[in-house]
Amino acid sequence: MAKHAQHIQVLSREQRRDPPLSLSYWMEEAGGLPSVTGARVSGHYDHVIVGGGFVGLWTALHIKQRQPGAAVAVIERYRCGSGASGRNGGSVMSWWSEIGGLLAIGGREEALRLAHASQDAIEAIEQFCLTHNIDAHLARGGWLWTATLEDHRDAWAAVLADCDRLGHMPFTLLSPQDVALRTGSPVHLQGILEPGAVTLQPARLVLGMRRVALEKGVTIFEDTPVTHLQPGRLVQVHTDHGLVTGESVVLATNAWAAAIPALSRFIVPVNSSIVVTEPVPQLLREIGWAGDEAINDSQTMVNYYRKTRDGRIAFGKGTGALAWGSRIDATFDRHEASLRMTEADLRRTYPQLGQTPITHGWSGPIDRSYDNLPILGTLPGTDNIHYGVGWSGHGVAPSYLGGQILASLALKQRDEWSECALVNRVPKRFPPEPLRSVGGNVIRNAVRRREAARLAGKKPSKLDTLLAGLAPGSNHP
Ligand SMILES: Cc1cc2nc3c(=O)[nH]c(=O)nc-3n(C[C@H](O)[C@H](O)[C@H](O)COP(=O)(O)OP(=O)(O)OC[C@H]3O[C@@H](n4cnc5c(N)ncnc54)[C@H](O)[C@@H]3O)c2cc1C
């Protein structure tokens, strides 16, 4: 039996004062945040899940699928879907673009297995929506990974080489003409397509998952921040409104998990921001963006964009802004400077928009890990408190796998999920404060200057190139 530690902080004192995040365009389109379930915070459960986003809800649903009689509770700080899951870009991609990282942590067989599993997750999400009558606006357009600057040509070369070596090529090389045609934008020089990827309306998916979880008998406590845990054979899960006990606990609090001491150095919360235009279906027809591609460029502060069902452009930018002490403060709801950068890049990418108004803009927290892959496992000193963090702006499809892995850990099932290479791995760590914010901002500013110089056709300074090279790489939000 593991030796049980003292109480474990889940939210810091400062974080408890942080305001809830406001509505995204998606949540508004889906009819608004769910009304609070209003359940009284008490009782004993087999499994208690902290966090009502994709990861927490998939975990609850996978547990119920495997053990329908299990008593499962989800505890959510604000409302299910109010975090990243209800405010992301809705690009649903596999892990083939992360194949280098998977090879590094798991070797050939495991990397292949996890990459295929992430592809299967896209099918599984589609099937889940069909089975449960969730209209999540799923559209099969593939993922288009592009280069918009000379320096970004062949940004995918290493990924393609790894796929080639592994004998599975999920990407199709497109001609520059095809990229220009598909995107309807003059800025793309080159691109590759992953045809298996889709886009969806994320708030509709997360609200659908919440409904199904309730139908399956999961208890959901909302407006209920978990403050700390008292480990033991029965874990006490403390909130401001009472406590519940659980045989097992799963921590699925995404960027907020930076407050949990054992996880704090695995991730750093960074900002990503999205703007949405008013509907422009006629313009989209004119510029020839006829498909439903999810598009990314190859900047470190990546741009990611897609159409909405009613003919808007939703355009996001991983601006990487940080907050002191890893707080998810008001800037993670709306980061004005990030939103200005995002809109500027939208208008540069689609000059045809002219003065078309932006109707919505918001920001959100990304739980960036060093290698862009999640980190799952069991907290040291416990055998029944599990975690899954570090989705790194690429969690819509992978969170389905996360739910499978966390369900296996919670149920103590030894299988291909609980034993996979993502579990209990020892990741590269971010430094503690003050280095985390100070160093992070120095690197971020260097990235910004390097990208501005490249855009202006100038050579970035040697120092900026050197410092920007220290940023954890990513081709996702
Ligand atoms: C702007 C943006 C764009 C993105 N675009 C994409 C994309 O296009 N494609 C893609 O694959 N991924 C994207 N992502 C990432 C993706 O949204 C996430 O990886 C995914 O939603 C992860 O889900 P989650 O459950 O871990 O996090 P969340 O949805 O954030 O859920 C965590 C939940 O925990 C709750 N919580 C926190 N602390 C506590 C506590 N103490 N007690 C109780 N509850 C707590 C929070 O309120 C939150 O609801 C994007 C993210 C953002 C922010």
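This is a predicted model: local features need pLDDT of at least 70, side-chain atom pairs count only at pLDDT 80 or more; totals for chains, interfaces and linings use all residues.
- Helices (H or I, at least four residues) and strands (E, at least two) are DSSP runs numbered from the N terminus.
- Axes are lines fitted to C-alpha atoms, for helices over the stretch in contact, and angles run from 0 to 180 degrees between N-to-C directions.
- Residues are in contact if their C-beta atoms, placed from the backbone, lie within 7 Å.

**The sheet**

- Eight strands make up an open sheet with mixed pairing, in the order E6-E7-E5-E14-E15-E16-E13-E17; two strands pair if DSSP finds at least two bridges between them.
- Strand E6 (172–174) and strand E17 (358–369) are at the edges with a single partner strand each, so one side of each has no neighbour in the sheet.
- From one strand to the next, the twist averages 20 degrees.
- Within this sheet, strand E5 (residues 143–147) pairs with strand E14 (residues 294–296) in the parallel sense over three bridges, and Trp143 stands opposite Ala294 in E14.

**Around the ligand**

- Of the 42 residues around the ligand, those that come nearest are Gly53, Gly83, Gly89, Gly364 and Gly395; a residue is near if its C-beta atom, placed from the backbone, lies within 6 Å.
- Helix H2 (54–66), E13 and E17 are the elements giving two or more residues to this shell.
- The shell divides into 19 nonpolar, 20 polar and three charged residues, where Ala, Val, Leu, Ile, Met, Phe, Trp, Tyr, Cys and Pro count as nonpolar, Asp, Glu, Lys and Arg as charged, and the others, Gly among them, as polar.

**Helices H3 and H4**

- Helix H3 (residues 99–131) packs with helix H4 (residues 157–166) at an angle of about 10 degrees, their axes 12 Å apart.
- H3 and H4 are therefore roughly parallel to each other (angles under 35 degrees count as such).
- Ile99, Gly100, Leu103, Arg108 and Leu112 in H3 meet Ala158, Val159, Asp162, Cys163 and Leu166 in H4.
- Seven nonpolar, one polar and two charged residues form this contact of H3 with H4.

**Domains**

- The domain assignment, automatic or from a database, gives domain 1 (140–196 + 268–369) and domain 2 (435–468).
- Their C-alpha centres lie 20 Å apart, and nine residues of domain 1 are in contact with 11 residues of domain 2.
- The side of domain 1 that touches domain 2 has five nonpolar, three polar and one charged.

**Backbone exceptions**

- Most residues other than glycine have a negative phi, and most peptide bonds are trans.
- Asn254, in the loop between strand E12 (242–251) and E13, has a positive phi of about 50 degrees although it is not a glycine.
- The peptide bond from Glu433 to Pro434 is cis, with omega near 5 degrees, and Pro434 is found in the loop between helix H9 (398–410) and helix H10 (435–455).

Notes. Residues are numbered from 1 along each chain as its sequence is written. Angles under 35 degrees count as roughly parallel, over 145 as roughly antiparallel, 65 to 115 as roughly perpendicular and the rest as oblique. Two residues are in contact if their C-beta atoms, placed from the backbone, lie within 7 Å.
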